[in-house]
Amino acid sequence: MNTGRRDRAALESLVLEVVPDPLLFCTHPVRDGHAHHAASVELVPEAAERAAQAFLARGATVALADELRGPAEHARGAALALAAHRRTGRAVRFPGQHLLRGTLTVEQALATGAVDRIESLGGPLPPGTLLVTHDFVRPVFREGELVLEVTPAAKGVIPFELEHQDICGH
């Protein structure tokens, strides 16, 4: 799904307004002359057509398994998001997300099965390292694996992306 929105937070709000409980929802950068974000959304099959109609009514282009519907200007980004689904992208909603709240050890976080790997910008992480989530995680898909990127903090590690941060150019 693509609306051509540069503001990722606005795109997230739009998607969650239409589909409050997606099975999986990712954002994907689109660089096609005017950088913006597209979304891939995985739903239960019976909700897909209703969601597609709601996105179309909001000016989006929707890429389904075998067709593109909506404005041609957003078609490339919609197709890119569909192709990237579960391979690359930033996971806004994902199975098991509710299990990554509070403070856990890296070992406990991995044992939830919600993410495949936890990678630190500061190097390897011992299993007992504390992960302080602040109840907000946005892992990324890399080659089909869901990876939570973390950075060293005063006590253990924290997610690289924080809930309230300014991102240049987004």
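1. Helix H2 supplies the largest share of the lining of the largest pocket, 5 residues. Helices here are DSSP runs of H or I with at least four residues, strands are runs of E with at least two, and both are numbered from the N terminus. This is a predicted model, in which local features need pLDDT of at least 70 and side-chain atom pairs count only at pLDDT 80 or more, while totals for chains, interfaces and linings use all residues. Residues are numbered from 1 along each chain as its sequence is written, and side-chain values use heavy atoms, with hydrogens and water left out.

2. The volume of the largest pocket is about 360 Å³. Its lining has 20 residues, and the closest to the pocket centre are Val41, Val62, Ala63, Leu64 and Leu82. Two or more lining residues come from each of strand E2 (36–42), helix H2 (45–57), strand E3 (62–64) and helix H3 (75–84). A pocket is an open set of points on a 1 Å grid over the protein atoms alone, where a 1.4 Å probe fits, with protein on both sides within 12 Å along at least five of seven lines; lining residues have an atom within 4 Å of a point. Points are joined across faces, edges and corners, and the volume is the space filled by probe spheres set on them.

3. By class, the lining of the largest pocket has 17 nonpolar, 2 polar and 1 charged residues. Nonpolar covers Ala, Val, Leu, Ile, Met, Phe, Trp, Tyr, Cys and Pro; charged covers Asp, Glu, Lys and Arg; the others, Gly among them, are polar.

4. Met1 sits in the segment before helix H1 (8–18). Met1 counts as buried because its relative accessibility is 7% (buried is under 20% relative accessible area, exposed over 50%, partly exposed in between, with a 1.4 Å probe and protein chains only). Leaving out residues up to four places away in sequence, Met1 touches, among others, Leu11, Phe55, Val62 and Ala81 (contact is heavy atoms within 4.5 Å).

5. Thr129 is in the loop between strand E7 (117–120) and strand E8 (130–132). With a relative accessible area of 15%, Thr129 is also buried. Its contacts, not counting residues up to four places away in sequence, are Leu104, Thr105, Val106, Gly156 and Val157.

6. Arg86, in the loop between H3 and strand E5 (88–93), has a positive phi near 65°. Its relative accessibility of 38% makes Arg86 partly exposed.

7. Asp135, in the loop between E8 and strand E9 (140–142), has a positive phi near 60°. Asp135 is partly exposed at 43%.
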